[in-house]
Amino acid sequence: MKHSKLDQKFYLVREDVLSEAMRKTLDAKELLERGKAESVHDAVKQVDLSRSAFYKYRDTIFPFHTIVKERLITLFFYIEDRSGTLSKLLSVVASGGCNVLTIHQTIPLQGRANVTLSLNTAEMEISIDMLLERLRMLEFVEKVDVLSSGG
């Protein structure tokens, strides 16, 4: 039974749980987008994937950065409560070229606080993955989750 676009559900999953065919489909799509392959036949040959598997997945799997079309993203942080942590967090966000739309921080309990940031990424100078990596490297950040992307 085929679903209409309105009742389809989407999931964000880690790369390591994707099947080999799904990962290779992403690789083949990237070769085509970058002009490193002239045709689907050439792309699937380069990544050792059948054309049928490529066509099965090509319209159903996308890299995370391509689904952030609306350029809005909401991030949830679990951070240690220390002086200057929010300022440092916002500095990393700003250095990546993001514009902060909303900030919500809970009252710290037991030395921890939750922070939710809604960001406009239209002028972002780095990838979402790179931004998340930089944020996770901050010594006071215990966890970063993407709550939503899109408008």
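Reader: Which residues is L117 in contact with, leaving aside its neighbours within four places in sequence?

Author: L117 touches I73, T74, L75, F77, L89, L90, V93, T102 and I103, where contact means heavy atoms within 4.5 Å. Bear in mind that this is a predicted model, in which local features need pLDDT of at least 70, side-chain atom pairs count only at pLDDT 80 or more, and totals for chains, interfaces and linings use all residues. Residues are numbered from 1 along each chain as its sequence is written, and side-chain values use heavy atoms, with hydrogens and water left out.

Reader: What makes L117 buried or exposed?

Author: Buried means under 20% relative accessible area, exposed over 50%, and partly exposed in between (1.4 Å probe, protein chains only). L117 has a relative accessible area of 0%, so L117 is called buried. This residue is found in strand β3; strands (E, at least two residues) and helices (H or I, at least four) are DSSP runs, numbered from the N terminus.

Reader: What makes a set of residues a nonpolar core?

Author: The residues must be buried Ala, Val, Leu, Ile, Met, Phe, Trp, Tyr or Cys, joined through side-chain atoms within 4.5 Å. The largest such core here has 22 residues, and those with the most contacts inside it are F77, L89, L119, L131, L135 and V141. At least two residues each come from β1 (72-80), α4, β3, α5 (128-136) and β4. Another core, of 10 residues, lies apart from it, with A28, L31, V44 and V47 among them. In soluble globular proteins, nonpolar side chains tend to be buried together.

Reader: Why is D48 called exposed?

Author: D48 has a relative accessible area of 61%, so D48 passes the exposed cut-off. D48 lies in the loop between α2 (40-47) and α3 (51-57), and its phi is near 60°, a positive value in a residue other than glycine. Most residues other than glycine have a negative phi.

Reader: And why is Q110 called exposed?

Author: Its relative accessible area is 82%, so Q110 is exposed too. Q110 sits in the loop between β2 (99-105) and β3 (112-120), with a positive phi of about 50° although it is not a glycine.

Reader: How confident is the predictor in the protein chain?

Author: The mean pLDDT (the predictor's confidence in each residue, from 0 to 100) is 86, and 87% of residues reach 70 or more.
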